[in-house]
Amino acid sequence: MSPEPVRVVVTGLGYLSALGFGPDDHEAALKEGRSAAGPVRRFDTTGFRTSRGAECDEQRLDRLLRARWQAADLRGLDVDSRMLLWAATTALDEGRVTPSTLQAPLPIVLGTTLEGFWQAEQWYAESIHRTSVHARPRRLIHCMAGGQVSTLAEILGMPLEPMVISNACATGVSAIGRLFRRIRIGATEIGLAGGFDTLTRFIHLGFDSLGALTPTTCAPFDKNRSGFFIGDAAAMLVLESLGSARRRNAMIHAEIVGYGESLDSHHPTHPDPEGRGIARAMTQALEMGRIGPDSVDYINAHGTGTPANDAAEARGILRALGEDAGRRVHVSSTKALVGHTLGAAGALEECFCVLALERGFLPVQAATADQDAGCPLYLVRAPAGRPRITINNSLGFGGANGVLVTRRWEEGA
């Protein structure tokens, strides 16, 4: 007989977006449906279809970092690395994880779609105006895969066991899922997982050329939806076994009970229109967590506000949970508020699920005024509610799908 799987809990969170830093800033916005979208300031958007984005408050970020770190520690760090440093240290501090508490290097699973591309753009812009491309070579370190996690380990003074993954827009959920599965089988007791990405000219140009960016408002599941806007974000979570958390007397935020992943094998950019891939991932995650479809209270949908994505996800939700899910399971997409944060999206949205479970509310569906009849979901119109079981969906290019199922922590459970 195989041993009972280890229970996995969340004991630390650190997350930021254009809405702010941490739970208090985000709770208010999630309840009000307040969007962070605004004009892009980081680069010139002349000639683009849209000039809207959601950039983090870099001045506030720097103030928060300088309250803890010396200027020498932060010198040369791009916005990607600074966001990651704040999110990681906030999660570790909340989880009371320090080098002295670790018996071995700390596993960290870090997700990103285009790690350090802001530095790459800056290096390229500088180099083409110089006689030698070797000027400012340190920038190249930060745009290589693994560059940020190496910098993070150096600043923290903490031995890390790193894994860096990129699974398109399912990356953030995939990073958490990999650490979750490792703890669940007893391969490690504690680790750090999440994702980060920033709005850059290259990313904005890419999605703009695909016609995926909205020139107006991101309105997931709306009949007149026209796409999304890109946002900055970093989100990191400390996961550990329940046994470890209890031995350390750690504060427990929630329990992750299931993870599922699948591949549509349909098209490089379009999801399977019938939603079969996301339905498989949802079913896997529910079965792993021994959660029945009738027990799900809230779904944080991938919900990009693009016609094909929203319709496919809606069909997948009903395929996995039953046709009556459109009348009983609350759904919202918080991308209408923070934008699509790419490699950070699934991790940030998992933090939103944990926040909703802990504080007893439902993130509202913002901007959707005229719901598409082809997306017959029970959209959240008011924050009232106290979910016990949440699903966090992420869909990515190439048909990548990732799903996390999370349960409200109840003492004695």
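Q: Where does Thr-368 lie?
A: In the loop between α15 (345–359) and β13 (378–379). Those labels come from DSSP runs numbered from the N terminus: helices are H or I runs of at least four residues, and strands are E runs of at least two. Keep in mind that this is a predicted model, where local features need pLDDT of at least 70, side-chain atom pairs count only at pLDDT 80 or more, and totals for chains, interfaces and linings use all residues. Residues are numbered from 1 along each chain as its sequence is written, and side-chain values use heavy atoms, with hydrogens and water left out.

Q: Is Thr-368 buried or exposed?
A: Buried means under 20% relative accessible area, exposed means over 50%, and partly exposed is in between (1.4 Å probe, protein chains only). Thr-368 counts as buried because its relative accessibility is 6%.

Q: Which residues is Thr-368 in contact with, leaving aside its neighbours within four places in sequence?
A: Contact means heavy atoms within 4.5 Å. On that basis Thr-368 touches Ala-219, Pro-220, Phe-221, Asp-222, Leu-379 and Arg-381.

Q: How do I read the span of α15?
A: The expected span of a helix is 1.5 Å times one less than its number of residues. With 15 residues, α15 reaches 21 Å from its first C-alpha to its last, close to the expected 21 Å. This helix is largely enclosed by the rest of the structure, because 13 of its 15 residues are buried. Gly-360 follows α15 and has a positive phi, near 70 degrees.

Q: Which way do the residues of β14 point?
A: In a regular strand, side chains alternate between the two faces of the sheet. In β14, Ile-389, Ile-391, Asn-393 and Leu-395 point one way, while Thr-390, Asn-392, Ser-394 and Gly-396 point the other way. Strand β14 (residues 389–396) has 8 of its 8 residues buried, so it is largely enclosed by the rest of the structure.

Q: How many bridges join β14 to β15?
A: Two strands pair if DSSP finds at least two bridges between them. Here 8 bridges join β14 to β15 (residues 400–408), and these strands run antiparallel. Gly-396 stands opposite Ala-400 in β15. The hairpin has 3 residues between the strands, and Gly-398 takes a positive phi near 80 degrees there. There's also a parallel pairing: 3 bridges join β11 (residues 298–300) to β14, with Tyr-298 opposite Thr-390.

Q: How many aromatic pairs does a search of the whole structure find?
A: A pair of aromatic rings is described by the distance of the centres and the angle of the planes. Rings of Phe, Tyr and Trp (its six-membered ring) pair if their centres lie within 6.5 Å; planes under 30 degrees apart count as stacked, over 60 as edge-to-face and the rest as tilted. The search finds 4 pairs. One of them, Phe-207 with Phe-228, is edge-to-face, at 5.4 Å centre to centre and 70 degrees between the planes. Phe-207 lies in helix α9 (residues 201–209) and Phe-228 in the loop between α9 and β8 (230–231), so their pair ties together parts 21 residues apart in sequence. Phe-207 also forms a tilted pair with Phe-397, at 5.9 Å and 40 degrees. That pair links helix α9 to the loop between β14 and β15, 190 residues apart. Phe-207, Phe-228 and Phe-397 form one aromatic cluster.
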